[in-house]
Amino acid sequence: MLPPRGVPRVLAVAQLTNSLGDGAYFVCSVVYFTHIVGLSPTQTGLGLTLGWGAGFLAGIPFGQLADRFGPRGTSIAVALLIAATLGAFLLVPSFPWFVLAACAYACLQTGFGITRQTLLAGLVAAEERTRTRAYLQAAGNGGMAVGAALGGLALTVGTATSYHVAFAVDALCFLIAAAVLSRLPSVAPSPRRAGGEPRLAVLRDRRYTVVAALNMVMMLYMPMLSVVVPLWIAERTHAPRWMVSAVLVVNTISVMAFQVRMARRISSLAVAARSIRWAGAVMGLACAVFALSAYGTSAWPAAAALLAGALIQVFAEMMLVSGGWELSFGLAPDGKTGQYQGFFSMGIAVARMLGPLLLTTLILNGGPAGWLVLGLAFAAAGAAMVPAVRWATVPVQAPATAAVSEPVSP
C-alpha cells in the first residue's frame with residue numbers, strides 16, 4: 001500500500017492530507033448549515049446543487065490554467081483558495097452568501113483534482129500513471145475514513161464550536177497539502193497554441209467525447225453507493241440500519257487494500273477498455289444482488305445480500321476507475337493534458353449533480369426492477385467502451401489533396 005519514494009509518495013501524502021479534511025467536512029457540513037447557520041434543508045440542498053453545477057462548468061477552465069501556467073503552482077494556489085473558502089463558510093450571514101461560498105468551494109474542489117492529475121501526468125512516466133493514481137485513491141480513502149471519524153466527533157458534541165473546529169481542521173489540511181505539493185519539481189507550462197488552433201480542442205475531439213460520455217454513465221456508481229443504497233436499506237429492506245455503515249466500510253477498506261493490485265493489471269488502452277467492459281457487467285450483477293435484499297421479512301438474509309452486493313460493487317468499481325485513469329491520460333494529446341483531464345472529470349460532477357435525483361426516482365420508486373434497469377445501463381455502457389476506445393485510437397487520416405499538374409521543363 002506504500003507508494004514508491006519520490007513523486008508518487010509526495011503526491012500520496014498530499015492526497016491523504018486533503019482527504020482527511022474532506023472527510024470531516026462531508027460528514028458534518030449539512031448539519032452545520034441547517035442547525036448552526038440556520039438554513040432550511042431545502043436551501044442547503046439547493047445551494048449545494050448549484051455549487052456542484054458550477055463545479056461542472058469549472059473543469060475545463062481549470063485544466064487550461066494548469067496547462068497555461070504549470071500544474072504545480074496552480075495546484076498550490078487552488079489548495080490555498082480552498083482553505084480560504086472553508087473559512088468563508090464560517091462567516092456566511094445569509095442564503096445568497098452561502099450559495100456564493102458553495103459555488104466557489106465546488107469549483108475549487110473540481111479544479112484541485114484536475115490540476116493534481118495534470119501534475120501527476122507531468123511528473124510520472126506514462127506506464128506508471130495508472131498505478132500511481134491507484135496509490136492516491138487508496139490514500140484518499142484512508143484519509144476520508146479518518147476525517148469522517150473526526151467529523152463524527154463534531155456531530156456528537158453538536159456545538160457551534162465543534163463544527164468550527166472541524167472546518168478549521170479541513171482548512172489546515174489544505175494548507176498542509178499545499179506545502180507538501182511545493183516539494184515537487186516544477187512542470188513546464190504547455191506551449192502556446194499555434195495560430196488557428198482552437199482554444200478548447202477537447203470540445204472538437206468527438207472520439208474523446210464519446211469515451212468520456214460512456215465513463216460518465218459508469219460514474220453513476222458514486223451516488224448509487226453514497227445516496228441510493230443508504231435510502232434503500234432504510235426504506236425498502238428489513239436489514240438493520242447499521243448496514244449503511246457496514247457497506248461503506250467494506251468499500252473503503254477494499255479500495256485501500258486492493259486498488260493498487262487491480263491497477264497493476266492495466267498495461268494499455270485496450271486492456272483498460274476491456275477492464276471497463278468487465279466492470280459494467282460486474283456492476284450490473286451488483287445491482288441485481290442489491291435488488292434481492294428487498295425480498296423476505298428477515299433481517300439477516302437482507303443483510304447478507306447487501307454485504308454480497310457491496311463486495312461485488314467495489315470489485316467492479318476498482319476495475320472501472322483503473323481503466324478510466326488509463327484512458328483519461330492515454331487518449332489526451334501532449335500539451336493539452338489539463339483541459340482533457342478537466343473534460344473527462346466532468347462526468348464525476350454530472351454524477352454528483354444529477355445522479356441522486358435520477359437514481360432515487362428510478363430505484364426507490366421502481367423497486368427491484370429499477371435496480372435491474374440501472375444494472376443494464378452499466379453493462380451497456382461498459383460493453384460500448386471497447387469499440388469506442390478502438391475508434392479513438394485509430395490514427396486520423398489527413399485529407400487527401402488533389403495533385404496539381406505542372407508543366408515539364410524542356
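The radius of gyration is taken over C-alpha atoms, and the rule for a globule is 2.2 Å times the number of residues to the power 0.38. With 410 residues, a compact globule would have a radius of gyration near 22 Å, and the protein, at 22 Å, agrees with this. The model on the screen is predicted: local features need pLDDT of at least 70, side-chain atom pairs count only at pLDDT 80 or more, and totals for chains, interfaces and linings use all residues. Residues are numbered from 1 along each chain as its sequence is written, and side-chain values use heavy atoms, with hydrogens and water left out.

**First stop: the whole chain**

Begin with the entire protein in view. Its C-alpha atoms fill a box of roughly 95 × 50 × 40 Å, taken along the principal axes. Switch to a cartoon display to find 13 helices and zero strands; helices (H or I, at least four residues) and strands (E, at least two) are DSSP runs, numbered from the N terminus.

Next, display the surface. The accessible surface comes to about 18500 Å², and 67% of that area belongs to carbon and sulfur atoms; such areas come from the Shrake-Rupley method with a 1.4 Å probe, and for residues only the protein chains shown count as cover. Of the 410 residues, 51% count as buried. Buried means under 20% relative accessible area, exposed means over 50%, and partly exposed lies in between (1.4 Å probe, protein chains only).

**Second stop: confidence and the end of the chain**

Colour the model by pLDDT, the predictor's confidence in each residue, from 0 to 100. The average is 89, and 94% of the residues score at least 70. Now select residues 398-410, where pLDDT stays under 50 and the model has zero contacts beyond four places in sequence; contact means heavy atoms within 4.5 Å. Where pLDDT is low, the predicted coordinates should not be read in detail.

A nonpolar core is a set of buried Ala, Val, Leu, Ile, Met, Phe, Trp, Tyr and Cys residues joined through side-chain atoms within 4.5 Å. Select Val211, Met224, Leu327, Trp371, Leu374, Phe378 and Met385, which touch the most other members of the largest core, a set of 67 residues. Among the elements that give two or more residues to this core are helix 5 (129-157), helix 7 (206-218) and helix 13 (368-392). Which helix gives the largest share of this core? Helix 11 does, with 12 residues.

Leaving aside neighbours within four places in sequence, Leu327 is in contact with Tyr208, Val211, Leu269, Ala272, Ile276, Met385 and Val389. A second, separate core has 44 residues, including Phe62, Val78, Ala101 and Tyr105.

Move to Val247 in helix 9. Is Val247 buried or exposed? Val247 counts as buried because its relative accessibility is 2%. Beyond four places in sequence, Val247 touches Leu225, Val229, Ile233, Leu306 and Ala310.

Then select Ala392, which lies in helix 13. Ala392 touches Arg207, Val211 and Leu331, not counting residues up to four places away in sequence. Ala392 and Thr42 are 350 residues apart in sequence and 43 Å apart in space, C-alpha to C-alpha.

**Last stop: two cysteines**

Find Cys103 in helix 4 (residues 95-123). Cys103 touches Leu50, Gly51 and Ala54, apart from residues up to four places away in sequence. From C-alpha to C-alpha, Cys103 and Trp52 are 6.9 Å apart, although 51 residues apart in sequence.

How many disulfides are there? The count comes to zero, a disulfide being a pair of cysteine sulfur atoms within 2.5 Å. Cys103 is in no disulfide, and its nearest cysteine sulfur, that of Cys107, is 6.4 Å away. To finish, select Cys107, which counts as buried because its relative accessibility is 18%.
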